[in-house]
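Colleague: I would like to learn how to read a helix and a ligand site in a model such as this one. Could we take them in turn?

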Amino acid sequence: MNLHIPFDNSYARLPPRLFTPQEPTPVSQPRIIVANDALARTLGIDPAALHMPEAAQVFAGNLIPEGATPIAQVYAGHQFGNWNPQLGDGRAILLGEVIDTTGQRRDIQLKGSGPTPYSRAGDGRAWLGPVLREYLVSEAMHAIGIPTTRALAATLTGDTVYRETRLPGAVLTRIAASHIRVGTFQFFAARNDVPALQALTEHVIQRHYPNATDPAGLLTAMMERQASLIAQWMGLGFVHGVMNTDNCAVSGETIDYGPCAFMDIYHPNTVFSAIDQYGRYAYGNQPQIAIWNIAQFATALIPLMPDRDAAIDSFSAIVNRFPDLYAAAWLKVFGAKLGLSTPTEDDRPLIEDLLALMTRDGSDFTNTFRALGTPSAYDHFADRAAFDAWEELWHNRNPDAERMAYSNPAVIPRTHLIEAAISAGVAGDFAPFHAMLAAITQPYTATDPLYARPPRDEERVTRTFCGT
Ligand code: AMP
Ligand code: MG
């Protein structure tokens with residue numbers, strides 16, 4: 001075998017009720033669309049092997065690589081606030097883990113690789129659209145510097161997937177610090193399976209939070225990462241779209257790019273997901289939902305504690321610190337976007353005033369921040385007198401242009417361009433996908449103006465759909 005993956009599968013060594021052994025279901029004609037050489041290298045995989053015919057067989061699930069222990073992980077979760085006691089990898093299979101060149105353990109998962117015991121009514125498959133979208137958005141997030149799962153490969157299966165229409169099937173090879181979710185803890189807490197919860201907790205502490213010594217320490221550390229992560233999403237105009245507890249990775253990485261989108265025009269109430277009728281997961285609600293999810297995580301840790309009432313008190317006190325942590329993280333992110341080296345509470349109104357002007361004037365989120373400090377900043381505001389007044393106050397704070405250049409990406413994966421790349425891909429033309437991938441992986445330099453241009457009215461995508 002040419003494709004050597006140095007597996008070391010710690011999750012598969014946990015108690016068997018945390019997962020089900022499950023092999024991928026073979027497909028008819030695997031063909032790799034894209035493989036991530038740089039990521040392969042950090043995983044200890046020879047990039048040259050990614051381009052051998054065997055790699056397509058492995059990434060489509062036709063060939064189980066040596067050392068893999070394919071499993072489907074079980075979890076539960078709150079979906080739009082409603083408890084679902086039984087979820088799990090319904091269309092994904094964890095091949096195993098590797099220790100990367102930095103010493104970090106990383107999962108290698110196939111998404112779209114066939115049914116599992118957790119598929120419920122689903123077919124276990126993915127069509128090409130969501131696979132290309134997740135590839136682009138996760139790699140963009142990484143390039144921008146946001147904790148995220150990664151994409152190692154996208155592979156066509158050669159089979160048809162049936163949604164509203166017939167669509168080409170595909171598999172995403174996803175890399176993650178782990179795929180353990182708040183919902184994984186909830187699954188065992190809801191069943192009062194303390195031994196499983198204990199094993200999971202020890203695994204997560206060792207793997208993600210080695211400085212934590214007990215469940216309270218784990219909760220605190222996990223919450224700190226969530227506060228930082230959500231603040232970074234906010235600083236990009238990123239709307240996750242489906243922040244269910246089963247889509248919240250305890251590692252602090254962004255996971256499950258379904259109906260997600262980056263805002264073009266700034267407005268805090270922005271919602272894209274077609275199924276998010278009440279705006280639960282709107283841009284401006286994301287910090288509230290993060291607390292809600294962290295509270296579910298805290299609740300799931302309570303069965304581990306000897307004194308339930310005392311645990312409720314101490315965990316509540318921890319979760320109640322989230323607003324302050326988040327406020328500090330937000331100030332840091334937006335302060336950097338304005339080029340402020342040490343933003344203080346006094347700068348908060350300056351940031352809020354700018355966002356208020358942007359809301360009123362319908363400014364493009366990405367391009368407005370990118371243009372600040374240049375003459376073209378004006379173009380993003382209808383009320384130029386108001387912007388002038390704001391700019392004077394801002395200049396008094398001595399913004400650092402270099403800091404701004406690396407805190408305000410020029411290129412984000414704009415939804416209308418993702419959709420165009422998907423449409424071309426479905427028709428067999430992957431050139432737009434590859435061109436966009438090249439642009440979004442250099443986010444701080446806009447080489448081709450196509451990728452920095454907001455959509456024209458007729459190009460604008462206002463509704464996005466889950467990647468099922
Ligand atoms: P998501 O909303 O994409 O995070 O998925 C929620 C749940 O539905 C997870 O348990 C998925 O594994 C499952 N699921 C989504 N799509 C499919 C599919 N096509 N086949 C089987 N299960 C699926
Ligand atoms: Mg999910």
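Modeller: We begin with a term: a residue is called buried when its relative accessible area is under 20%. Please keep in mind throughout that this is a predicted model.

Colleague: Which residues of H5 are buried, then?

Modeller: An α-helix has 3.6 residues a turn, so residues three or four places apart point the same way. In H5, the buried residues are Ala196, Leu197, Ala199, Leu200, Thr201, His203, Val204, Ile205, Arg207 and His208. The cover over these buried residues includes strands S6 (92–99) and S7 (105–111), together with helices H4 (182–190), H6 (215–236) and H7 (286–301).

Colleague: What span does H5 reach, and what caps its N-terminal end?

Modeller: Helix H5, residues 194–208, has 15 residues and reaches 20 Å from its first C-alpha to its last, which is close to the 21 Å expected at 1.5 Å a residue. Its N-terminal end is capped by Asp193, a side-chain oxygen of which lies 3.1 Å from the backbone nitrogen of Ala196.

Colleague: Turning to the ligand, which residues come nearest to ligand 1?

Modeller: There are 17 residues around ligand 1, of which Gly88, Gly90, Arg91, Arg120 and Gly124 come nearest. By class, this shell divides into 2 nonpolar, 8 polar and 7 charged residues. For Gly88, a backbone N or O atom lies 2.7 Å from an oxygen atom of ligand 1, and for Gly90 a backbone N or O atom likewise lies 2.7 Å from an oxygen atom of the ligand. Asp256 contributes a polar side-chain atom, 3.5 Å from an oxygen atom of ligand 1. Taken alone, ligand 1 exposes 480 Å², and the protein buries 87% of that.

Key:
Residues are numbered from 1 along each chain as its sequence is written. Chains are lettered from A and ligands numbered from 1 in the order in which they are written. This is a predicted model: local features need pLDDT of at least 70, side-chain atom pairs count only at pLDDT 80 or more; totals for chains, interfaces and linings use all residues. Side-chain values use heavy atoms; hydrogens and water are left out. A residue is near a molecule or strand if one of its heavy atoms lies within 4 Å of it. A polar contact is a pair of N or O atoms within 3.5 Å; within protein, one must be able to donate a hydrogen and the other to accept it, and residues adjacent in sequence count only if both atoms are side-chain atoms. Accessible areas come from the Shrake-Rupley method with a 1.4 Å probe; for residues, only the protein chains shown count as cover. Ala, Val, Leu, Ile, Met, Phe, Trp, Tyr, Cys and Pro count as nonpolar, Asp, Glu, Lys and Arg as charged, and the others, Gly among them, as polar. Helices (H or I, at least four residues) and strands (E, at least two) are DSSP runs, numbered from the N terminus. The expected span of a helix is 1.5 Å times one less than its number of residues. Buried means under 20% relative accessible area, exposed over 50%, partly exposed in between (1.4 Å probe, protein chains only). Contact means heavy atoms within 4.5 Å.
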